[in-house]
Amino acid sequence: MAVTNEVGFDMLRRLRVADYVTLSNALCGVLAIFTCTHQSFIAAHVLIFLGYEFDRFDGMIARWRNETSEMGKQLDSFSDLISFVLAPAFMLYSLGFRTPVDQGILAFFVLCGVARLARFNIASHLTPKDAHGKSLYHEGLPTAYAALLMSTAVAVAQWLSWTDDLASKVSFPGTWGEAHTATFPVVVLGAGMVSKRFKLKLDGGLSIPASTVVIFGACWLAS
């Protein structure tokens with residue numbers, strides 16, 4: 001009879017500086033979900049944006065300190081799942097997109113996000129890298145970019161009191177019922193995340209923070 005030996009795994013000792021930054025991303029995602037329950041979508045967007053910044057810096061810190069590990073890779077994916085897949089889906093659900101078709105679309109988005117993160121874990125090494133080990137392009141739409149597009153749209157709508165405009169519905173024949181028209185772009189974002197033909201060369205390191213400042217600066221002037 002085979003004898004199995006218990007193998008100790010001291011998780012806390014295995015965590016590195018970059019891993020704590022990754023966990024900060026997960027914390028932002030959890031807080032964003034909690035914030036959505038109070039209809040505070042602007043605050044939820046800020047938290048998702050902060051999660052993106054933590055997600056961006058954990059890789060930089062890991063490469064700088066040479067702390068890349070399998071533990072860090074798994075933490076990164078689970079954190080991204082919370083902040084960039086579940087949080088934006090819950091944001092739309094909290095906004096009132098709850099018809100059966102709406103829920104089907106949001107479930108599709110979540111499943112596409114899960115599939116993309118799993119694919120990234122096993123195939124990211126196949127993407128061409130630069131001299132610093134950074135991928136030359138994104139295969140498919142990154143979950144963070146999809147989340148920021150969704151959360152920015154909702155936050156801007158709340159800031160400018162346009163949420164009623166997002167509530168417009170379209171009726172389907174038969175037993176399909178109704179769906180909010182604002183959920184249809186979510187199908188495109190979900191499909192973009194799992195696409196292998198879509199290769200995005202955009203580096204969001206500076207462009208996303210800059211565009212965020214421009215968008216909300218415009219909202220400030222318009223309000």
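Me: Okay, buried means under 20% relative accessible area, exposed over 50% and partly exposed in between (1.4 Å probe, protein chains only). What share of the residues in the protein chain is buried?
Reply: Buried residues account for 41% of the 223 in the chain. Bear in mind that this is a predicted model, where local features need pLDDT of at least 70, side-chain atom pairs count only at pLDDT 80 or more, and totals for chains, interfaces and linings use all residues. Numbering starts from 1 along each chain as its sequence is written, and side-chain values use heavy atoms, with hydrogens and water left out.

Me: How many helices and strands does the protein chain have?
Reply: Helices (H or I, at least four residues) and strands (E, at least two) are DSSP runs, numbered from the N terminus. Here you'll find nine helices and four strands. Along the sequence they go α-α-α-α-α-β-α-α-β-β-α-β-α.

Me: Next, salt bridges. How many are there in the whole structure?
Reply: Side chains of opposite charge can pair when their charged atoms come close. The cut-off is a side-chain nitrogen of Lys or Arg within 4 Å of a carboxyl oxygen of Asp or Glu. A search of this whole structure turns up three. One of them joins E53 and R56, at 2.8 Å from N to O. Those two are three residues apart in helix α3 (residues 41–65), so about one helical turn separates them. E53 is buried, at 13% relative accessible area, while R56 is partly exposed at 23%.

Me: Which residues are linked in a network of salt bridges?
Reply: R119, E139 and K196. The side chains of E139 and R119 meet at 4.0 Å, N to O. Because E139 belongs to strand β1 (residues 138–139) and R119 to helix α5 (residues 100–123), this pair ties together parts 20 residues apart in sequence. R119 counts as buried, with 18% relative accessibility, and E139 is partly exposed at 22%. K196 meets E139 at 3.4 Å, N to O. That pair links distant parts of the chain, 57 residues apart, with K196 in the loop between α8 (184–194) and β4 (199–200). K196 is exposed, at 51% relative accessibility.

Me: And rings? How many aromatic pairs does a search of the whole structure find?
Reply: Five. Rings of Phe, Tyr and Trp (its six-membered ring) pair if their centres lie within 6.5 Å; planes under 30 degrees apart are stacked, over 60 edge-to-face and the rest tilted. F90 and Y93 have ring centres 6.3 Å apart and planes at 35 degrees, so their pair is tilted. They sit three residues apart in helix α4 (residues 70–95), about one helical turn. F90 is partly exposed at 28% relative accessible area, and Y93 is partly exposed at 31%. W159 and F216 also make a tilted pair, 5.5 Å centre to centre with 35 degrees between the planes. W159 is in helix α6 (residues 143–159) and F216 in helix α9 (residues 204–222), so parts 57 residues apart in sequence are tied together. Then there's an aromatic cluster of F49, Y52 and Y145.

Me: Which charged end sits over the ring of Y93?
Reply: The one belonging to R98, 4.5 Å from the ring centre. The rule asks for NZ of Lys or CZ of Arg within 6 Å of the ring centre and within 35 degrees of the ring normal. Likewise, R56 has its charged end over the ring of F57, 4.7 Å from the centre.
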